[in-house]
Amino acid sequence: MILFIQALHIFIMPMVIALLAWLFTRRKYSLTVLMSKMCLYSNILFNMFYYLINRKILISIESFSARATASYLVASLLLVIVLVILENKKIENQSLKYLPKKFYYYRTWTFVLFTVSTALVVHTTWLSAYLGNISFDQMLFNMKTPINTSNSTFFTDIFPFTAQIITISVSFIVLMLNQVKFNPINRLNKREIKISTKVWARTVPLIIFAISLTIATFNLKMNEFFDYYASNDTFIADNYVQPTDENVIFPEKKQNLVYIFSESMEATFFSKELGGASHANLLPGFTELLNDGYNFSNTDKLGGALTLPYTGWSIAGLVAQHSGIPFKIPIDGNGYDKFDFLPGITNLGDLLKKNGYNTSVILGADGNFAGVSNYFKDHGDYKIADHNSKIADGSLPADYNVWWGFEDRKLFEYGREEMLELARDGKPFAMVLETADTHFPDGFLDSGCPANHAEPYANSIQCADTQITDLIRWIQEQPFGKDTTIVVTGDHLSMEKKYFESLDANYERTIFNMILNPVNKNKNSNRYHNREFSSVDIFPTTLSSLGVEIIGNRLGLGTDLFSEMPTIYEEFGQKEVRDRLDKRSMFFDNEFIYGTRDRGY
């Protein structure tokens, strides 16, 4: 229905009105020209007014509005009256005697170039506006990633832009070729006609294409791409610490680990009084849990991890937090499901498996997406449960598909069942849960959660807080709870845009973290606040929370935040670290992507 409404406003209504005007004037004018002008001018002029009123790029009608449609209809009728009056002053039915043969080739050339040019400008501008001010690696990821695999939100958002590209392009080409074919060029001689044809049908499209390519380059931040492949920096080679049996020493009594990757969870969602930026505290459950837990903060209040290049989407955040390195692969991050996953690294799963842990991971989406299953299988030999496996084992109906697969409520139900089974085995276990309900756009609000806020995304965040807090309270009540460390982190900063538009633009957004029941940690240490750290520091910090001794307090590029050792941000400064990680590292390629290591299990 929404797509039909969008199509109605973009080209159906203008063409129908043009047809009626043509019939009403007894077919006195060119129907093709009248339709083309109506489509072209209505899309350009009306969308300009729409932008001035709503501050949105082009028309993106989300629901039917009788008032909006009536206003559009009246405006279209006024426009067609103006066009008919202007058309009455022209004579557009005289043929051109000296039409060049190359004209027909130019027609195809012009259409293709102008359509590509329009598409480049509109789509890249839309992508930049839709995703906000993000880095090139995040931009590349989202260009090749479905925003949501289970509904038509993304398609609905992009449809009006694609439809308008085609409508505007076709209308412009028809009018331009009409300019060449009819008045006033029919008063020129043959040589002048050829010159005019070349200018309109060859030179002008090339100029437009060059301009559009330049705009698209800036929109997509392609300069970062060129800078990356033109460099070879040694920062990773100079500072990477390889985990080994000599510098990672597990205790005799091993602690269980429950690690919850909470999609897009930020410290931003705390209230301003607590250290966040939200008008109301969206994380009351986490706030209460942190009375007995640990939160590493970039301020003297509640806070979180700072961003790091190549860690800004789900699989990249996962790699950073479990491996201590950015996800600097030279291909699309979502295409990594076809490869051995970073065979040269030793990560959290490898170390846990080697030291006798049973490992399990549950996610509500397709585990093959972005190579998540490969990552957990190749590093830690995790038992993997995802949307596909739950359908295959009969836990879900064959046609069950909610949000990205199955909702977080079911994720936590399956997680409880799996933890009880793991605990019965008697061995230490590591349970990873990867949520999805707070993914942009707008998040998913479970039917069991109230909608207390006007902004949909705020409701999904508070729902996640409630569900995760309930799960943690359940774990703490279990016999294995006293021997279990719980880590809750956001995987990356949220890519939701609308919610953050109302917040303080100067607030520094950070990735949420919480550690509960760590082994032998001093709650009164001053190392928890005013820290400059990132996702890579979560890797050694998680091991440390399990009572693992880390000789030198560093693994990968990360630092154990419980120690007195400075992080790479604190040692080198944020700007230098980011600038150098933005450059290509041959060490990374050769050691981690193309290298191999003996897992020892």
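Strands S4 and S5 pair in the parallel sense over three bridges; pairing requires that DSSP find at least two bridges between two strands. Helices (H or I, at least four residues) and strands (E, at least two) are DSSP runs, numbered from the N terminus. The model is predicted, so that local features need pLDDT of at least 70 and side-chain atom pairs count only at pLDDT 80 or more, while totals for chains, interfaces and linings use all residues. Residues are numbered from 1 along each chain as its sequence is written, and side-chain values use heavy atoms, with hydrogens and water left out.

S4, helix H13 (residues 372-378) and S5 make a right-handed β-α-β unit; a crossover is right-handed if, with the strands pointing away from the viewer, the path from the first strand over the helix to the second runs clockwise. S4 also pairs with S6 in the parallel sense, over six bridges, and Leu-363 stands opposite Glu-434 in S6. Six of the six residues of S4 are buried, so S4 is largely enclosed by the rest of the structure. Buried means under 20% relative accessible area, exposed over 50%, and partly exposed in between (1.4 Å probe, protein chains only). Asn-358, Ser-360 and Ile-362 point one way from S4, whereas Thr-359, Val-361 and Leu-363 point the other way, and all are buried.

These strands belong to an open sheet of seven strands with mixed pairing, in the order S3-S8-S7-S2-S6-S4-S5. Strand S3 (304-305) and strand S5 (383-385) stand at the edges with a single partner strand each, so one side of each is left without a neighbour in the sheet. Strand S2 (residues 256-262) and strand S6 (residues 429-434) run parallel and are joined by five bridges. In this pair, Tyr-259 stands opposite Val-432 in S6.

Helix H15 (residues 408-424) touches S2, strand S4 (358-363), S5 and S6, and its direction makes about 175 degrees with that of S6. Helix H16 (residues 456-477) touches S2, S6, strand S7 (484-490) and strand S8 (511-516), and its direction makes about 170 degrees with that of S7. Contact means heavy atoms within 4.5 Å. Axes are lines fitted to C-alpha atoms, for helices over the stretch in contact, and angles run from 0 to 180 degrees between N-to-C directions.

H15 and H16 also pack on each other, at an angle of about 15 degrees and with their axes 10 Å apart. The two helices are therefore roughly parallel to each other; angles under 35 degrees count as roughly parallel, over 145 as roughly antiparallel, 65 to 115 as roughly perpendicular and the rest as oblique. H15 passes H16 in a right-handed crossing. A crossing is left-handed if the near helix is turned anticlockwise from the far one by less than a right angle, and right-handed if clockwise. On the H15 side the contact is made by Asp-408, Arg-409, Phe-412, Arg-416, Met-419 and Leu-420. H16 contributes Gln-467, Ile-468, Asp-470, Leu-471, Trp-474 and Ile-475.

Several loop residues were also examined. Asp-386 is found in the loop between S5 and H14 and, at 7% relative accessibility, counts as buried. Not counting residues up to four places away in sequence, Asp-386 touches Leu-363, Ala-365, Asp-366, Gly-367, Asn-368 and Phe-406. Asp-386 and Gly-405 are 19 residues apart in sequence and 8.3 Å apart in space, C-alpha to C-alpha. Trp-403 lies in the loop between helix H14 (387-392) and H15. Although not a glycine, Trp-403 has a positive phi of about 60 degrees, and at 8% relative accessibility this residue counts as buried.

A positive phi, of about 55 degrees, is also found at Asn-530, again not a glycine. Asn-530 is in the loop between S8 and H17 and counts as exposed, at 52% relative accessibility. In the loop between S6 and H16 lies Pro-441; the peptide bond from Phe-440 to Pro-441 is cis, with omega near 0 degrees.

Eight of the eight residues of helix H17 (residues 538-545) are buried, so H17 is largely enclosed by the rest of the structure. Among them are Ile-538, Phe-539, Pro-540 and Leu-543. Just after H17, Gly-547 takes a positive phi of about 90 degrees.
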